[in-house]
Amino acid sequence: MSPALPDGEPVPTDGSLPAWVGGGGPTAPGSPPGPTAPRGFGVYLHVPFCSVRCGYCDFNTYTASELGGGASQASYASTALLEIDLAARVLRDGGLPERPVSTVFVGGGTPTLLPVGDLARLLHGVRDAWGLAPGAEVTTEANPDSVTPESLAELAAAGFTRVSFGMQSAVPHVLATLERTHDPRRIPDVVRWARDAGLKVSLDLIYGTPGESLDDWRASLDAALATGVDHVSAYALVVEQGTKMAAQVRRGEVALPSEDDQATKYELADELLAAAGLTWYEVSNWARTDDDRCRHNLAYWRGDDWWGIGPGAHSYVAAPSAAPAHATSGPTPAPTSVTDDTGASVRDPRVGVRWWNVKHPRRYAALLEAGTSPAAGRELLTRGEGRLEQAMLGVRLHEGLDLAVLSPAGRRAVAGLVANGLLDGRAAVAGRAVLTLRGRLLADTVVREITDE
């Protein structure tokens with residue numbers, strides 16, 4: 001069971017954005033493009049299909065038996081292309097500056113359950129709607145058992161530049177607990193096939209599965225590194241309410257590891273990955289070079305704009321005056337009086353809008369085929385809310401967070417966090433909040449301290 005969508009205000013049926021987001025009106029045909037935007041623009045394409053549902057997963061995904069009538073994998077690409085067309089129209093009519101797409105990420109689910117031709121159609125739709133920036137990063141997720149040398153070569157020929165494989169573990173009994181279906185012996189093959197096709201490769205790992213020993217986790221890390229991969233993501237297992245595994249835990253059938261166990265496994269990951277030449281750039285992500293980092297995810301953490309295509313997908317667009325987290329530094333500007341969509345004066349102006357689509361593929365398809373937006377709700381972020389999110393996301397990055405982003409109370413908390421070994425003291429003196437290794441283990445604690453008003 002995937003989590004419920006958040007509450008929010010209604011979205012206009014045509015999907016239009018608030019006037020303050022784009023400058024107040026449509027771009028006339030043939031008019032010169034608007035000013036260059038300081039932030040990047042990414043597109044996320046959600047493919048909500050899996051061959052089986054893993055017991056720990058709460059993503060918005062569906063197996064064939066769960067879909068029901070009115071939705072199918074065969075027609076999905078055509079449906080998603082309707083939302084791409086709607087997105088292009090909404091951004092154009094909203095007066096936002098024209099800009100090519102800097103990153104595309106196809107996630108799921110298992111995107112590679114779709115034929116390569118369908119994935120290529122989706123990428124071509126993005127290119128036709130906005131264009132791709134030179135050197136754009138184009139990633140697809142994949143299960144190791146859902147690709148072949150031929151399909152990976154076809155993806156590269158279609159314009160994909162990167163593939164992220166859901167390895168999760170190299171240990172059969174751990175994969176069985178997670179209900180993953182692939183053979184771990186296949187991992188070196190799929191990495192080699194992807195590289196032979198000219199694709200960059202990332203491996204995703206999960207630690208803290210019930211029954212996983214420290215030696216099991218070491219074996220998974222060693223197996224991943226033996227492939228020579230240049231990017232690894234390692235996430236602690238979180239058992240979400242409503243999943244099959246949560247029910248197993250509740251019934252006492254499986255026991256979750258302790259926080260100390262998970263901390264020890266994180267420290268081992270950091271030690272082995274660093275020794276192999278991979279450096280952390282976000283709490284759960286390591287890359288060999290800056291060029292090997294996932295630029296799409298960095299765009300999320302740094303506050304760029306993106307449009308999420310697909311059922312349950314989320315999107316975010318900021319007002320032109322709201323600089324992204326990586327664009328500027330310095331003290332917070334004083335609030336200025338602006339007008340909202342009704343013309344009323346607003347002391348704390350809105351700085352961005354986030355919205356999310358309906359969850360079920362059948363309802364998603366029906367709305368788009370009727371010519372209406374598939375959005376289920378939205379929230380309008382104030383400057384204070386925007387800066388809170390900037391702090392929550394930015395502090396997780398290796399580059400850290402500009403202390404000027406924080407409130408006076410948040411800045412006062414920094415000294416105590418340095419004293420407790422959670423923030424780097426030299427970086428703090430230089431005006432940035434940078435996590436130590438211990439701070440990465442307690443990142444949520446750091447976020448609470450620096451965002452406490």
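Visitor: Okay, what share of the residues is buried?
Guide: Of the 453 residues in the protein, 52% are buried, meaning under 20% relative accessible area, with exposed over 50% and partly exposed in between (1.4 Å probe, protein chains only). Keep in mind that this is a predicted model, where local features need pLDDT of at least 70, side-chain atom pairs count only at pLDDT 80 or more, and totals for chains, interfaces and linings use all residues. Residues are numbered from 1 along each chain as its sequence is written, and side-chain values use heavy atoms, with hydrogens and water left out.

Visitor: How many helices and strands?
Guide: The protein has 17 helices and 16 strands. Those are DSSP runs numbered from the N terminus, helices being H or I with at least four residues and strands E with at least two.

Visitor: Which strand does E4 pair with over 6 bridges?
Guide: That's E5, residues 200–207, and the pairing is parallel. Two strands pair if DSSP finds at least two bridges between them. Within E5, Ser 202 is the bridge partner of Ser 164.

Visitor: And how many bridges join E3 to E4?
Guide: There are 4 bridges between E3 (residues 132–142) and E4, and these strands run parallel too. Ala 142 is opposite Phe 165 there.

Visitor: What about Asn 143, where does that sit?
Guide: Asn 143 is in the loop between E3 and helix H5 (149–158). With a relative accessible area of 17%, Asn 143 is buried.

Visitor: Which side chains does the Asn 143 side chain make polar contacts with?
Guide: One is Thr 110, at 3.2 Å, and another is Arg 180, at 3.0 Å. A polar contact here is a pair of N or O atoms within 3.5 Å; within protein, one must be able to donate a hydrogen and the other to accept it, and residues adjacent in sequence count only if both atoms are side-chain atoms. Not counting residues up to four places away in sequence, Asn 143 also touches Thr 112 and Phe 165, where contact means heavy atoms within 4.5 Å.

Visitor: New topic: where's Gly 159?
Guide: Gly 159 is in the loop between H5 and E4. Gly 159 is partly exposed, at 24% relative accessible area. The C-alpha atoms of Gly 159 and Ala 120 are 7.7 Å apart, although the two are 39 residues apart along the chain. Leaving aside neighbours within four places in sequence, Gly 159 contacts Leu 123 and Val 138.

Visitor: Then Thr 103. Why does that one count as buried?
Guide: Thr 103 counts as buried because its relative accessibility is 4%. Thr 103 is part of strand E2, residues 101–108.

Visitor: Which side chain does Thr 103 join in a polar contact?
Guide: The partner is the side chain of His 296, at 2.8 Å. Leaving aside neighbours within four places in sequence, the contacts of Thr 103 include Phe 41, Glu 137 and Arg 295.

Visitor: Last one: what share of contacts between residues at least 6 apart in sequence joins residues at least 24 apart?
Guide: For this protein, that share is 76%.
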